[in-house]
Amino acid sequence: MLNQAYLVKATSEKVLVETNTQMKRLNKLSIKNHYPRSYKQITKKIDNMVDDIADGDLEDAQNDQAELLLELYALEVKVVKKIELASLINSITAFKKSRAERLAPISLQKAIATKEAAEGTINSNPRAVLAIKDAVSKAAFEIAHVEHIILEIKKLSSLNNKQYERYILENENMLAKVYSALDMIDQRNKPITEQVDSTQRQASDVQKKYSQKLIELADLSKTLIQKEQMIKELEQKLV
């Protein structure tokens, strides 16, 4: 009887190796906590397959496993989506309840699009950790952007005519801090769009100069290493 039990166990592990591998993956994702009902249904199906193996019905067990693997993979996708996207979905739902579609429709649609792109990444491969992390990060960025846009719109909506100038000056002064840091002359005699363009060009020039300095430093470092090697070789010859 004991030998029979060992035989069934060994055969089950061999026949159901793909199922067991996938279950290990799901257990790492805490499937039991996220979807307890699905977990019970799956374990019951696995028990039934083991019973088929014990009865010698290997073909039935293999056929059932083929169907179950599709179900397990779909469940893996579902769990990863819940883990990675739950907070993003909650934020978008909250936006829709708070009239964000009226206040910031363009920004909200972009956030929804990046969330859907993250879903697509998970659908394609729920184990592509880096790709999923990148896609989720982009969606989280756009959602945070919607939050700030809505705050600014509400702030604008609360202003009366006399407060418009102060609001514009505050934003202009923030931009002035940037071009001041770039050693630019005062740009406030120009329209804000021109101020932004000038600041962008200056920042680009600074970046190019910085990149060139890095190249020069790398060349200098290489030259110093070569000189050091030559000195070592001369020292060896003098010994």
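# Helix packing and salt bridges

Student: How do the axes of helix 8 and helix 9 cross?

Tutor: The axes of helix 8 (residues 129-157) and helix 9 (residues 164-181) cross at roughly 145 degrees. They come within 10 Å. Axes here are lines fitted to C-alpha atoms, for helices over the stretch in contact, and angles run from 0 to 180 degrees between N-to-C directions. Helices are DSSP runs of H or I with at least four residues, strands are runs of E with at least two, and both are numbered from the N terminus.

Student: What kind of model is it, and how are residues numbered?

Tutor: This is a predicted model, where local features need pLDDT of at least 70, side-chain atom pairs count only at pLDDT 80 or more, and totals for chains, interfaces and linings use all residues. Residues are numbered from 1 along each chain as its sequence is written, and side-chain values use heavy atoms, with hydrogens and water left out.

Student: Back to the pair. Which residues in helix 8 and helix 9 meet?

Tutor: From helix 8, E152, K155 and L156. They meet Y164, Y167 and E170 of helix 9. Contact means heavy atoms within 4.5 Å. The residues of this contact of helix 8 with helix 9 divide into 3 nonpolar, 3 charged and no polar. In this scheme Ala, Val, Leu, Ile, Met, Phe, Trp, Tyr, Cys and Pro count as nonpolar, Asp, Glu, Lys and Arg as charged, and the others, Gly among them, as polar.

Student: Is E142 buried or exposed?

Tutor: E142 counts as buried, at 10% relative accessibility. Buried means under 20% relative accessible area, exposed means over 50%, and partly exposed is in between (1.4 Å probe, protein chains only).

Student: Now salt bridges. How many salt bridges are there?

Tutor: The count comes to 7 salt bridges. The rule is a side-chain nitrogen of Lys or Arg within 4 Å of a carboxyl oxygen of Asp or Glu. Side chains of opposite charge can pair when their charged atoms come close.

Student: What does K45 pair with?

Tutor: K45 forms a salt bridge with E71, and their closest N and O atoms are 2.7 Å apart. K45 lies in helix 4 (residues 36-54) and E71 in helix 5 (residues 58-97), so the pair ties together parts that are 26 residues apart in sequence. K45 is partly exposed at 38%. E71 is partly exposed too, at 30%.

Student: And E76? Which side chain does E76 meet?

Tutor: E76 meets R127 in a salt bridge, at 2.9 Å from N to O. E76 lies in helix 5 and R127 in the loop between helix 7 (105-124) and helix 8, so this pair ties together parts that are 51 residues apart in sequence.

Student: Is E76 buried or exposed?

Tutor: E76 is buried, with a relative accessible area of 0%.

Student: Which salt bridge does D134 make?

Tutor: D134 pairs with K138, at 3.4 Å from N to O. The two are 4 residues apart in helix 8, so about one helical turn separates them. D134 is partly exposed at 41%. K138 is partly exposed at 49%.

Student: Which residues do salt bridges that share partners join into a network?

Tutor: R25, E76 and R127 are joined into one network.

Student: Switching to backbone. Where is S30, and what is phi there?

Tutor: S30 is in the loop between helix 2 (17-28) and helix 3 (31-34). Phi of S30 is near 60 degrees, a positive value in a residue other than glycine. Most residues other than glycine have a negative phi. S30 counts as partly exposed, at 29% relative accessibility.

Student: What about phi of R99?

Tutor: Phi of R99 is near 70 degrees, also a positive value in a residue other than glycine. R99 lies in the loop between helix 5 and helix 6 (100-103). R99 is partly exposed, at 45%.

Student: Last one. Which residues make the nonpolar surface patch?

Tutor: Y210, L214, L217 and L220 make a nonpolar patch of about 430 Å². Patch residues have over 30% relative accessible area and no salt bridge; like charges are joined within 9 Å, and nonpolar side chains (Val, Leu, Ile, Met, Phe, Trp, Tyr) within 5 Å. Accessible areas come from the Shrake-Rupley method with a 1.4 Å probe, and for residues only the protein chains shown count as cover. L217 is found in helix 10 (residues 192-238). L217 counts as exposed, at 55% relative accessibility.
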